[in-house]
Amino acid sequence: MSQKLDALQAALESVLGARIREFKRDRGEITLTVSSADYLEVARTLRDDPALRFEQLIDLCGLDMLTWKDQAWDGPRFMTVVHLLSVSKNWRVRLKVFAPDDDLPVIASVNPIWSAANWFERESFDMYGIIYEGHEDLRRILTDYGFIGHPMRKDFPISGHVEMRYDPQARRVVYQPVTIEPREITPRVIREDNYGGLH
C-alpha cells in the first residue's frame with residue numbers, strides 16, 4: 001500500500017507541480033487542495049494525463065466551513081470536495097477547492113469532465129447554495145420549487161423559514177411563516193419496580 005501511495009504522490013507532484021496548494025497524506029489517503037482558478041484545469045489533467053488516469057468521479061459534495069470542530073473557521077467558507085478513482089491504475093484521490101467569495105460562492109462545474117458530477121453538483125447547489133459555473137442544468141433537486149434558502153448552511157434555522165399546507169378555502173397549497181415554536185425536550189427515565197433485579 002505504501003509503495004502504491006508513494007507512486008501516486010510522485011505522479012501527482014510531478015504532473016500538477018505548483019498547482020497543488022496543499023498536499024495531505026493521512027491514513028492511507030491523499031488529499032489535494034487547489035485554487036478555484038486552477039480547479040477545472042487540474043480536474044481535466046487528473047482525468048487525461050496518462051500518469052494519473054482518474055477516469056471516474058465517485059462523489060462530489062459541498063461543505064460549509066462556518067465553524068470547524070466547534071471553532072470559528074478562519075478562511076473561505078464554502079468548499080467542494082471530489083473523490084476520484086482511477087480504474088486502470090487502481091488508486092484514489094480526494095480533491096478540494098474553496099469558493100473565493102463567501103457571499104456568492106461560485107466554483108467551476110466538472111460535469112463536462114465527469115458526467116457523474118451532474119446530480120452531485122445539483123445537490124450541493126440546492127443544499128449549500130454553491131453555484132457551479134458551466135453546469136447546463138443547475139436547479140434544485142431535493143427541495144421544493146419555491147423553497148428559499150439552503151438547508152445545510154450552518155446559519156439556516158432548523159425549522160426553516162416557511163411551511164406549506166393545503167388551504168381548503170383557497171383550494172390550493174399555501175406558504176406561511178413557520179408556526180412551530182422551538183422547545184427543548186428533556187428525557188425522563190421511568191423504570192418499573194424491580195428493574196434489573198431478581199423477580
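## The second largest pocket

The second largest pocket holds about 270 Å³ of space. A pocket is an open set of points on a 1 Å grid over the protein atoms alone, where a 1.4 Å probe fits and where protein lies on both sides within 12 Å along at least five of seven lines; lining residues have an atom within 4 Å of a point. Grid points are joined across faces, edges and corners, and the volume is the space filled by probe spheres set on the points. This is a predicted model, in which local features need pLDDT of at least 70 and side-chain atom pairs count only at pLDDT 80 or more, while totals for chains, interfaces and linings use all residues. Residues are numbered from 1 along each chain as its sequence is written, and side-chain values use heavy atoms, with hydrogens and water left out.

The lining of this pocket has 15 residues, and Gly28, Glu29, Trp91, Arg92 and Val93 lie nearest the centre. H1, S2, S6 and S7 each give at least two lining residues, and S7 gives the largest share, four. Helices (H or I, at least four residues) and strands (E, at least two) are DSSP runs, numbered from the N terminus. By class the lining has eight nonpolar, three polar and four charged residues. Here Ala, Val, Leu, Ile, Met, Phe, Trp, Tyr, Cys and Pro count as nonpolar, Asp, Glu, Lys and Arg as charged, and the others, Gly among them, as polar.

## The largest pocket

The largest pocket holds about 560 Å³. Its lining has 19 residues, with Lys24, Thr31, Trp68, Arg94 and Lys96 nearest the centre. Strand S1 (22-26), S2, S6 and S7 each give two or more residues to this lining. The largest share, four residues, is from S1. Nine of the lining residues are charged, seven nonpolar and three polar.

## The nonpolar core

The largest nonpolar core has 36 residues, and Leu12, Tyr39, Leu46 and Phe54 have the most contacts inside it. Such a core is a set of buried Ala, Val, Leu, Ile, Met, Phe, Trp, Tyr and Cys residues joined through side-chain atoms within 4.5 Å. Elements that supply at least two core residues include helix H1 (2-16), helix H2 (39-48) and helix H3 (117-128). H1 supplies the largest share, six residues.

Contact means heavy atoms within 4.5 Å.

## Leucine 85

Leucine 85 is in strand S6. It counts as buried because its relative accessibility is 15%; buried means under 20% relative accessible area, exposed over 50%, and partly exposed in between (1.4 Å probe, protein chains only). Beyond its neighbours within four places in sequence, leucine 85 is in contact with Phe54, Glu55, Gln56, Ile58, Trp91 and Arg92. Leucine 85 and glutamine 176 are 91 residues apart in sequence, and their C-alpha atoms are 46 Å apart.

## Two residues with positive phi

Most residues other than glycine have a negative phi. Lysine 69 has a positive phi, near 55°, and lies in the loop between strand S4 (67-68) and strand S5 (71-72). Lysine 69 counts as exposed because its relative accessibility is 67%.

Arginine 171 also has a positive phi, near 60°. Arginine 171 is in the loop between strand S10 (162-167) and strand S11 (172-177), and counts as exposed at 68% relative accessibility.
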